[in-house]
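Subject: Structure for you, with notes

Hi,

Here is the structure I promised to send over. Have a look at it first, then read on for my notes.

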Amino acid sequence: MTSQLSPDSVDVLLFDIGRVVINISFDRVMAHWAEHAGCAPADLASRFVVDDSFKHHETGRIDDAAFFANLRQSLGIRLSDAQFLDGWNSIFTGAMPGIAPLLTAAAARMPLYAFSNTNPAHVAHFSVAYADLLSHFRTVFLSSSIGFRKPDAEAYDHVVEAIGVPASRILFFDDSAANIEGARARGLHAVHVTSTDDVARALGALGIDRSGV
């Protein structure tokens, strides 16, 4: 999709957060939980699934305590809510390399928004820990607040309506191929992000100065 971009081809940039703006590692989560539980991280990783509880947590249907209660059963470990939260928030490992100057350059040219499948615990953590990085975004759309998750069509439609410009004038960045397909199906331009270089190339195609990178 990047090859079809040119200066003035879009009016708004929309960014996923995990692995696009902030780097994440589920291995760190499993390692923290395993340390608390006294078991091997690989054992927990093999039991962890994106089930209904996970999705309901990300759409605001259940709270952190209910999600952690389900994890006690599905993972077979007896951690406290505080121990689950400690491991859960260890997922964030820092800003994606090189993304900060790209966001600064992009924000000087057009409005930036973010759209993340996420949950209340993570929102409370990254909103504080990465406040400077997230300050580039006019609005951060959160699945746990709007009640829809990517790649569901309703999720993109909600965000496009809230931004207030046609989908065809929005460029979306996400690390998930499924989310990219979902966005394109709703009329957005979309770039599959495998590294910050993908973001940089897209911005370059839009004529955005990347000299600070």
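Predicted model: local features only at pLDDT ≥ 70, side-chain atom pairs only at ≥ 80, totals over all residues.

**Salt bridges**

The count comes to eight salt bridges. Side chains of opposite charge can pair when their charged atoms come close. Here are some of the pairs.

D11 and R169 form a salt bridge, with 2.8 Å between the closest N and O atoms. This one ties together distant parts of the chain, as the two residues are 158 residues apart. D11 sits in the segment before strand 1 (12-15), while R169 is in the loop between helix 10 (153-163) and strand 6 (170-174). D11 has 36% relative accessibility, so it counts as partly exposed. R169 is partly exposed too, at 23%.

R72 and D81 also meet through their side chains, at 2.6 Å from N to O. Is R72 buried or exposed? Its relative accessibility is 16%, and because the cut-off for buried is under 20%, R72 counts as buried. D81, at 32%, is partly exposed.

Then there is R201 with D198, a salt bridge at 2.6 Å, N to O. Both belong to helix 12 (residues 196-205), and because they are three residues apart, about one helical turn separates them. R201 is partly exposed at 48% relative accessible area, whereas D198 is buried at 11%.

Finally, D16, K150 and D174 are joined in a network of salt bridges.

How many residues of strand 6 are buried? Five of the five are, so the strand is largely enclosed by the rest of the structure.

Strand 6 pairs with strand 1 in the parallel sense, over four bridges. There, L13 stands opposite L171 of strand 6. Strand 6 also pairs with strand 7 (residues 189-192), again in the parallel sense and over four bridges. On that side, the bridge partner of L171 is H189 in strand 7. To get from strand 6 to strand 7, the chain passes through helix 11 (residues 177-185), and this β-α-β crossover is right-handed.

Cheers

Note on methods:
Residues numbered from 1 in each chain as written. Heavy atoms only, no water. Salt bridge = Lys/Arg side-chain N within 4 Å of Asp/Glu carboxyl O. Buried < 20%, exposed > 50% of the residue type's maximum accessible area, 1.4 Å probe, protein only. Pairing = 2+ DSSP bridges. Right-handed = clockwise from strand over helix to strand, strands pointing away.
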